[in-house]
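Hi everyone, thanks for coming.

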Amino acid sequence: MTASLDLVDVDSLLTEEEVDVRATARRFADERLRPSLPEWFESASIPARELAKELGALGFLGMHLTGYGCAGLGPVAYGLACLEIEAADSGMRSLVSVQGSLAMYSIWKYGSEEQKNEWLPRMSAGEAIGCFGLTEPDFGSNPAGMRTNARRDGDDWVLNGSKMWITNGSVAEVAVVWARTDDGVRGFVVPTSTPGFSAPEITGKLSLRASVTSELVLDDVRLPASALLPEARGLSGPLGCLNEARFGIIFGAMGAARDCLETALAYAGERMVFDKPLAGYQLTQAKFADMAVELNKGILLAVHLGRLKEKGTLRPEQVSVGKLNNVREAIAIARECRTILAANGISGEYPIMRHANNLESVLTYEGTSEVHQLVIGQALTGQAAFR
Ligand code: TGC
Ligand code: FAD
C-alpha cells in the first residue's frame, strides 16, 4: 500500500523479507505488466509463455512450496506478491496462482517423487505451464457430480470427458485432471501432448480477458499407471488445492481494490467540478474514507490469515471468510471508484472498469460467494446446506 492508504500501519506487521518480496512484485507489475495490460485486455491475448518465464525467474511460481527449485517463502510473502500482481490485473494473478497453487501444488502435495522431479523444477522456472481441471460444463460449484472418468485398461488409465473454464488450458504443457474412478475421485498428471487431449480456448469473455481460459477435451486419453497422483483420494484432494489458491485471492483482490482507489484519488485531486477539485467535497471524502477502511480491514484480515497459515492452523472456513469478504469488498470498491471517474470511469484509459470486470470472475471462481457463505454457514450451525 502507498503510505497514505496504509491507515493502520499494516507495514509494521511485515518482516523485512516480506517487504522485499512485495517491492520486487510491485516493480514487476509496474514496469512489465501495467504498461501492456490495456492492450492485452483489449485484444484478449497475452504472451503467456514469456510471462511465465519472467515470473519463474523472479521466483514467483510455486514460491510458497519447498524443494524442486521452488522459493520456499512464507504465505504472507506469497500473498503480498499476489496482491501486487493483481494490482496490475486479476488475470496476471490467475496465471501465477493456477501455476503455483493449483497445478504445482497438486503435484507437490499428492505426487510421486518421479512426478515431482519431472515437472516441478520446470514449472517453477516457468518453462512448463500447468493447468488444473476440476470444473465441468454441468458441475462447477458441485464437483462431486463430475462425469469425467478414468478406467483401467491393463496397467494403463483411459480418460474420457470434458472440463470447462480452465485457466491456462490452451497454453499448458501439463494438466492436472480430476476424474471419477471405481475408487472415487482421483487426480492425473496429463502431458497435454498426449493423443486425445485438446484444449480449445474460450473466446468472447468480457472479464479476465488478459488470461487464457479453455475447455479441456479428453477423448480416450491413454496414460501409464505412473500418471495417477498416488496421494490424493476422493474430493478432499482437489478441495485441498483450492484452499491454496483461495488464500492467494484473499490478498490479490485487495491489490485490484487498491489500484482502483489510487486511481480515483489521483483523479479526484485534479478533476474540477463546480470550480473546485472533486476531492474537496464531503460526499467524495465519505466515499474515500469508507473504501479505505474496507481496504485496510481486508489487508489486515489477509495478513492475519497468513499468520495462521504460517502456524499451520488455518482452517478452510477461515479461508472462506477471507475470500468472501475481500472479493466482495474489492468489487464494491471498484464500482464506487468508477462513480468517482464517472464517464472516464468506463474508459479503458483507466484501469478501474477492467478491474471491476475482472472481479466478476474472481467472485465466481475458486468457490462462488454463495458457496463460501454456505461453508461459513455450516461452520456456524453445524448443518450442511449445499444440497
Ligand atoms: P464434502 O462432502 O463437504 O467434502 C468432501 C471431502 O472433501 C473434504 N473437504 C475439504 N478438504 C480440504 N479443503 C477443503 N476446503 C475441503 N472442503 C471439503 C471433506 O472433509 C471431505 O473429505 P473426506 O475425507 O471426508 O472425503 O463435499 P461437498 O461435495 O459437500 O462439497 C462441498 C463444497 C460445496 C464446499 C465444495 O464442493 C466446493 O468448495 N465447491 C466449490 C468448487 C470450487 O471452488 N471450484 C473451483 C475450481 S478451480 C478454480 O476455480 C480455479 S480459478 C483460478 C484462477 O484462475 O485464479
Ligand atoms: P454453478 O455451480 O452453476 O452456480 C450457478 C449459481 O448457483 C451461482 O450463483 C452459485 O453460487 C449458485 N449455487 C450453486 N450451488 C448452490 C447452492 N447449493 N445453494 C445456493 N446457490 C448455489 N475451474 C477449474 O476447475 N479450473 C480453473 O482453472 C478455472 N478457471 C476459471 C477461470 C474463469 C475466468 C472462470 C470464470 C471460472 C474458472 N473456473 C475454473 C470455474 C469456476 O471454478 C466455476 O465457474 C465456479 O466454481 C462456479 O461454477 P459454475 O460457473 O458452474 O456455477
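This is a predicted model: local features need pLDDT of at least 70, side-chain atom pairs count only at pLDDT 80 or more; totals for chains, interfaces and linings use all residues.

Residues are numbered from 1 along each chain as its sequence is written, and chains are lettered from A and ligands numbered from 1 in the order in which they are written.

So, the overall picture. The chain has 11 helices and nine strands; those are DSSP runs numbered from the N terminus, helices being H or I with at least four residues and strands E with at least two. Its radius of gyration is 21 Å, close to the 21 Å from the globule rule for 387 residues, so the chain is as compact as a globular protein of that length. That radius is taken over C-alpha atoms, and the rule is 2.2 Å times the number of residues to the power 0.38. Along the principal axes, the C-alpha trace spans about 80 × 45 × 40 Å. And 50% of the 387 residues count as buried, as in 20 or more other C-beta atoms within 10 Å of the residue's own, while exposed is 12 or fewer, partly exposed is in between, and C-beta atoms are placed from the backbone.

Now the helix pair. How do α9 and α10 run relative to each other? Their axes, for residues 316–345 and 352–364, come within 8 Å and cross at roughly 155 degrees. Axes here are lines fitted to C-alpha atoms over the stretch in contact, with angles from 0 to 180 degrees between N-to-C directions. So α9 and α10 are roughly antiparallel, the word for angles over 145 degrees.

Most residues other than glycine have a negative phi. Tyr 68 isn't a glycine, yet has a positive phi of about 55 degrees. You'll find Tyr 68 in the loop between α3 (48–57) and α4 (75–88). Phe 274 also has a positive phi, near 45 degrees, and sits in the loop between β8 (272–273) and β9 (276–277).

Which of those is buried or exposed? Tyr 68 counts as buried because it has 21 C-beta neighbours inside 10 Å, whereas Phe 274 has 6 and so counts as exposed.

How values were computed. Angles under 35 degrees count as roughly parallel, over 145 as roughly antiparallel, 65 to 115 as roughly perpendicular and the rest as oblique.
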